[in-house]
Amino acid sequence: MKDIVIEPWLVDETTHEFFVPEYIIQLAEEVLKHYDLSVQNMQIITTKPDKGGAIWKLETKSGPKSLKLLHRRPTRSLFSLGAQEYLVEVRKARVPPIVKTKDGKRYVEAGGKLWFVAEWIEPLTPVAKDLEGARKLCYALGEFHRLSKGYVPPKQAEMASRLHKWPKNYEKMITKMSWFRNIAQYYPEMPASPPLLEVVDRFKEQARKGMERFLQSNYVEFVKQGTAHWGLVHQDYGWSNGQMGADGMWIIDLDGVAFDLPIRDLRKLISGAMADLYKWDATWVREMILAYHEANPITPELYELLMIDLAMPNEFYKNMKEVVYEPETFLNEQTAQLIQTIVETDQSKWPVLAEIENDWKGMG
């Protein structure tokens, strides 16, 4: 088993939903020998076949645990494991504690990946998908960001930081809008090409205006304050990764944490919630920002950057970027429908942003 390297695997009609190749199951059993756990049952909970990751729930004599096969590079996984340990042990955050191996390590390396065991927190339930639930999610997110400040990664870990990447991300968004147009022109007969061509320039213009505002913002000053000042973003935070436990909100699945400006997580959460509502709602947006602010105060300068990021065509870009890889399959009837929904939702965004634009003026 020594020379095995874990690769992404195929899932098709012949395999069940949570299929994991036999050699990975054998590796999992080898990994568990490093722990002082008597495992009575192993159940696969979720897989990332395209990346080579998986999570099992373990029933053990000392209560339920999770076993995770992390799909990222080991040096990258070391960054997130260090973060998880820091949050639990130093900051007492409601994040699942890592279970150490027999020789006191945080992880086991096998198949060219890192594996680790953590406590399985029970009971955990998702909050309701209403405004009160959204407030709880935002408060918990603010708390997580505040507690993650001061984290210093282990020496062997690679530095996972997105702090410097905002300008590049915005530039990429503007560039790819032109690609979207070229692809739609190249496939004029596809159902989604006409609606895409109709709106792509409007969204590109939104991104270009956003970039102009961004260049006038305090972003450069923020970056100078450094990673430890800002702390970590979750990067994949939402209704499934922030859940209510017996003693408050818990945050799980920290494998993708990175240094960044915290409002990026908040922006994603707001954009996603508005997409779920199919319209922007000023009360929701205000309440979500206020709930976050209660746990991790937002300065007027940071609020301005949040407004700039909310004004970017994030949902359009996120949903359309796949067109670059498989235009023939992507530009279908379903995507044509999706474009219409995004456009309608986007129209309701601008009055809301105008209404809340000055909420933070004179604060601080």
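How many bridges join β7 to strand β9 (residues 242-245)? There are 2 bridges, and the strands run antiparallel. Here is a friendly walk through that sheet and some other parts of the model.

First, some ground rules. This is a predicted model, in which local features need pLDDT of at least 70 and side-chain atom pairs count only at pLDDT 80 or more, while totals for chains, interfaces and linings use all residues. Residues are numbered from 1 along each chain as its sequence is written, and side-chain values use heavy atoms, with hydrogens and water left out.

**The β7-β9-β10 sheet**

Helices (H or I, at least four residues) and strands (E, at least two) are DSSP runs, numbered from the N terminus. Two strands count as paired if DSSP finds at least two bridges between them. An open sheet is formed by 3 strands in the order β7-β9-β10, with antiparallel pairing. β7 (125-126) and β10 (248-251) stand at the edges with a single partner strand each, so one side of each has no neighbour in the sheet. Within this sheet, Thr-125 has Met-244 in β9 as its bridge partner. Helix α3 (residues 131-148) lies across β9 and β10 and runs at about 60 degrees to β10.

**The β1-β2 hairpin**

Strand β1 (residues 39-48) pairs with strand β2 (residues 53-60) over 8 bridges, in the antiparallel sense. Val-39 stands opposite Thr-60 in β2. The two strands form a hairpin with 4 residues between them, and Gly-52 in the turn has a positive phi of about 90 degrees.

Is Gly-52 buried or exposed? Gly-52 is buried, with a relative accessible area of 0%; buried means under 20%, exposed over 50%, and partly exposed in between (1.4 Å probe, protein chains only). Leaving aside residues up to four places away in sequence, Gly-52 touches Ile-6, Glu-7, Pro-8, Trp-9, Leu-69, His-71 and Lys-113, where contact means heavy atoms within 4.5 Å. The C-alpha atoms of Gly-52 and Trp-9 are separated by 6.7 Å, with the two residues 43 apart along the chain.

Val-90, found in helix α2 (residues 74-90), is exposed, with a relative accessible area of 54%.

Helix α10 (residues 300-311) has 12 residues and should span 16 Å at 1.5 Å a residue; its end C-alpha atoms are 17 Å apart, which agrees. The expected span is 1.5 Å times one less than the number of residues. Since 9 of the 12 residues are buried, α10 is largely enclosed by the rest of the structure. Among the buried residues are Leu-302, Tyr-303 and Ala-311.

| Helix | Axes come within | Crossing angle with α10 |
|---|---|---|
| α5 (residues 193-215) | 9 Å | roughly 165 degrees |
| α8 (residues 263-277) | 10 Å | roughly 40 degrees |

Axes are lines fitted to C-alpha atoms, for helices over the stretch in contact, and angles run from 0 to 180 degrees between N-to-C directions. α5 and α10 are therefore roughly antiparallel, whereas α8 and α10 are oblique; angles under 35 degrees count as roughly parallel, over 145 as roughly antiparallel, 65 to 115 as roughly perpendicular, and the rest as oblique.

The α8 residues Ile-263, Arg-264, Leu-266, Arg-267, Ile-270 and Ser-271 meet Leu-302, Leu-305, Leu-306, Asp-309 and Leu-310 in α10.
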